[in-house]
Amino acid sequence: MRTDLHRDPTRPTHPVNPLTAVRNLGILAHVDAGKTTVTERILYLTGTTHKRGEVHDGTTVTDFDSQERDRGITIFAAAVSCAWDGHQINLIDTPGHVDFSDEVTRSLRVLDGAIAVFDAVAGVEPQSESVWRQADRYGVPRIAFVNKLDRAGADLDSAVASIRERLHPAPLVVQLPIGAEDGFTGVVDLLRMRALVWADGRDTVEEGPVPEALLDEAHRRRRVLEEAVAELHPVALEEFCAESTVSAQTLASALRDLTRTGDAVVVLCGSAYRNRGIEPLLDAVAAYLPSPLDVPAVRGTFDGTEQERAADPAAPFAALAFKVSATATGRLTYLRVYSGTIRKGETVWEAGARRTERIGRILRVQADRHAQLDRAVAGDIVAVVGLKSVRAGATLCAPGAPLVLEPPTTADPVVSVAVEAGASADTERLVSALTRLVEEDPSLVVRTDPETGQTVLSGMGELHLEVAVEKIRRAHGLDVRVGRPKVAYRETVVRGVAGLVYRHVKQDGGAGQFAHVVLDVEPLEVAAAGGAHDNAGGSATGFEFRSAVVGGRVPQEYVRAVEAGCRDALAEGPLGGHPVVGLRVVLTDGATHPKDSSEMAFRTAGRLALREALRAAAMVLLEPVAEVTVTAPDEAVGGVLGDLAARRGRVSGSTARAGAVVVAATVPLAELFGYATRLRSRTQGRGVFTTRPTGYAPAPSTASDGTPVR
């Protein structure tokens with residue numbers, strides 16, 4: 001089997017520093033774009049597995065959980081390792097469904113590079129865009145793989161155009177397909193100007209000359225590639241101006257630089273299901289994506305001092321825990337080692353919690369299988385056994401060199417369900433199971449409703465909660481009852497109040513409390529987006545506070561106390577006790593008492609004054625909304641549109657695609673419960689949909705839970 005299809009002639013065959021041969025990368029994609037199949041073919045071609053796993057057969061290595069195999073989708077990020085052309089590849093297959101985007105975020109935090117997989121028919125899809133933005137946030141270099149070129153309607157140029165228009169990178173296409181749709185047999189390598197063909201029934205690639213019929217088109221595309229690279233890379237530009245062309249060696253070097261700086265994205269193509277295009281993809285991973293030495297040294301803080309750790313096995317140990325998983329063999333904590341070396345049996349320091357932990361065993365992970373290691377060094381992604389209290393996002397370091405690394409961001413949950421044990425005797429077991437569940441998935445939140453006493457489980461979507469509850473049932477054998485999900489409403493100001501006077505006076509026998517404040521409350525300009533979701537599903541508070549007091553009538557320390565009190569009041573609004581967002585509070589005047597005024601008194605005054613102001617202001621309820629993309633057959637579109645209208649959906653557009661229609665709409669999240677079942681019944685099981693939280697919008701006069709709006 002050829003393993004040097006994209007090898008850069010300037011790269012040494014045997015790297016001097018072993019870390020230059022390490023690639024830590026993830027597979028990112030929209031659900032059903034084929035990323036798990038890409039992962040399986042990588043494992044097969046590298047000799048890690050000896051049989052090709054198939055998603056539809058439930059035989060994949062990375063989708064090993066029973067729910068993943070039952071549902072045919074990736075739910076949990078799975079880590080595997082393989083070797084290719086002298087390189088150690090640590091690979092994480094991430095979920096593609098929006099409900100599990102927090103798994104993607106935690107993985108991206110510890111990766112050095114990624115392969116973004118796109119469907120050659122659909123191009124950029126909603127979750128493709130979301131994970132791309134997440135990778136942008138963490139500065140992760142990417143290469144793109146346009147998959148499923150053997151499908152009817154597959155078009156590489158259309159897919160690349162959607163990448164350019166929706167993701168805004170500079171896509172640099174380095175291959176030309178040979179054949180189309182069912183006749184797709186290989187690619188033309190535009191760097192080396194050669195054909196790579198995969199014959200039916202064979203797993204190896206055959207190299208040959210470019211077919212005569214494609215020669216002119218290949219030269220044209222090579223010229224386009226040279227011009228695009230010359231516009232972005234000074235060395236390539238210099239050679240292009242001097243020679244009117246760019247050599248393969250210069251192109252390879254420039255593509256590597258542009259990929260690692262994020263100025264461009266290399267685009268390859270193929271069909272993972274038919275095992276076509278994977279070898280060049282692996283060669284591109286080795287040639288273009290960075291090693292741990294190529295990315296900036298990790299930065300952290302401790303006691304207010306910023307520190308930097310290079311990827312050096314001899315440096316002090318520092319690692320980030322990004323995933324916790326309970327298995328039959330014990331509690332596994334997945335680590336990305338950024339610097340230093342760790343051996344089994346050693347003691348490490350959890351800097352955030354300021355406590356020690358002992359490393360029991362170190363494991364090289366192959367999805368649900370593990371191989372024991374004596375040590376792990378900088379650049380490794382491993383799992384360890386023996387850490388009792390470490391959570392995802394915790395920093396582990398050498399006891400003598402403490403450091404706290406930035407943890408992955410965790411999105412705010414948007415959907416909740418009430419859960420209870422089927423039998424009262426199982427209540428304690430359910431509490432224990434929920435505690436373990438939250439340890440494994442930080443995007444899940446468990447709380448007890450102070451009014452109803454119900455146990456409420458919150459997550460990123462209906463499917464997310466469904467999977468979590470089913471995991472409890474299967475892993476712990478518990479009968480769990482689930483109530484209708486509740487969504488996270490917000491309240492905001494649409495017409496404020498000015499000059500509200502509040503005087504807080506309290507005498508209880510000792511030192512009294514006195515605080516006098518005057519507040520203006522008005523809508524914030526971004527109130528319409530108050531609490532708006534970003535691509536990762538997070539939310540903004542949408543609150544601004546400032547002081548306009550003159551003459552020192554309210555000392556600065558009391559001003560800060562008033563602000564703290566106002567923030568306390570935002571926790572519960574007057575409409576239904578929901579958090580308040582999208583408002584500006586201005587402290588315009590106040591008064592103090594020489595003996596009875598205190599920070600506590602002014603904090604209390606700020607809280608009670610804002611509550612009174614909100615009761616006097618005109619308020620509106622905001623409900624979370626989601627961008628819904630529905631793909632349905634032509635004959636079912638009418639029923640789909642009618643159902644979306646019944647769910648208060650606003651259709652924003654539709655496009656025809658290979659016998660189907662793709663409808664985009666914005667729908668209140670509360671109206672999407674049970675939509676999967678309704679869509680399947682209306683389309684005879686042929687319709688699919690995806691959702692992506694997009695923000696909040698004013699609710700109608702009465703919300704779905706009966707909350708009145710003034």
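**Reading strands, sheets and helices in a predicted model**

Student: Which residue of E22 is the bridge partner of Leu335?

Tutor: In this predicted model, the partner that Leu335 finds in E22 is Val382. The general idea is that strands of a sheet pair through backbone hydrogen bonds, in either a parallel or an antiparallel way. Here strand E15, residues 330-339, and strand E22, residues 381-385, run antiparallel and are joined by five bridges.

Student: What is the order of the strands in the open sheet of eight strands?

Tutor: Reading across that open sheet, the order is E18-E17-E23-E14-E15-E22-E19-E20, and the pairing is antiparallel. Strand E18 (355-358) and strand E20 (369-373) each have a single partner strand and stand at the edges, so one side of each is left without a neighbour in the sheet. From one strand to the next, the twist averages 40°.

Student: Which helix lies across strand E14 and E15?

Tutor: That is helix H10, made of residues 427-440, which lies across E15 and strand E14 (318-327) and runs at about 145° to E14.

Student: Which strands are at the edges of the open sheet of three strands?

Tutor: The order in this sheet is E13-E12-E24, again with antiparallel pairing, and the edge strands, each pairing on one side only, are strand E13 (305-309) and strand E24 (404-405). Strand E12, residues 298-302, pairs with E24 over two bridges in the antiparallel sense, and Thr301 has Val404 of E24 as its bridge partner.

Student: Turning to helices, at what angle do the axes of helix H1 and helix H9 cross?

Tutor: In general, two packed helices are described by the angle between their axes together with the distance between those axes. For helix H1 (residues 35-45) and helix H9 (residues 278-288), the axes come within 10 Å and cross at roughly 85°, which means that H1 is roughly perpendicular to H9. On the H1 side the contact is made by Val38, Arg41, Ile42 and Leu45, and on the H9 side by Ile278, Glu279, Leu281 and Leu282. Of the residues in this contact, six are nonpolar, two are charged and none is polar.

Student: How many helices and strands does the protein have, and what is its radius of gyration?

Tutor: The protein has 15 helices and 39 strands. Its radius of gyration is 28 Å, close to the 27 Å that the globule rule gives for 710 residues, so the protein is as compact as a globular protein of that length. Taken along the principal axes, the C-alpha atoms fill a box of roughly 95 × 65 × 65 Å.

Student: Where is the pLDDT lowest and where is it highest among the elements?

Tutor: The protein averages a pLDDT of 86, with 91% of the residues scoring at least 70. Among the elements, helix H2 (residues 66-71) has the lowest mean pLDDT, 71, whereas strand E11 (residues 265-269) has the highest, 97. Over residues 8-14 the pLDDT is below 50, and this stretch has 12 contacts in the model beyond near neighbours in sequence. Residues 526-540 also have a pLDDT below 50, and this stretch has 40 such contacts.

Technical notes: Residues numbered from 1 in each chain as written. Predicted model: local features only at pLDDT ≥ 70, side-chain atom pairs only at ≥ 80, totals over all residues. Heavy atoms only, no water. Axes fitted to C-alpha atoms, helices over the stretch in contact; angles between N-to-C directions. Helix = DSSP H or I, 4+ residues; strand = E, 2+ residues; numbered from the N terminus. Parallel < 35°, antiparallel > 145°, perpendicular 65-115°, else oblique. Contact = heavy atoms within 4.5 Å. Nonpolar A, V, L, I, M, F, W, Y, C, P; charged D, E, K, R; others polar. pLDDT = per-residue confidence, 0-100. Pairing = 2+ DSSP bridges. Rg over C-alpha atoms; globule rule 2.2 N^0.38 Å.
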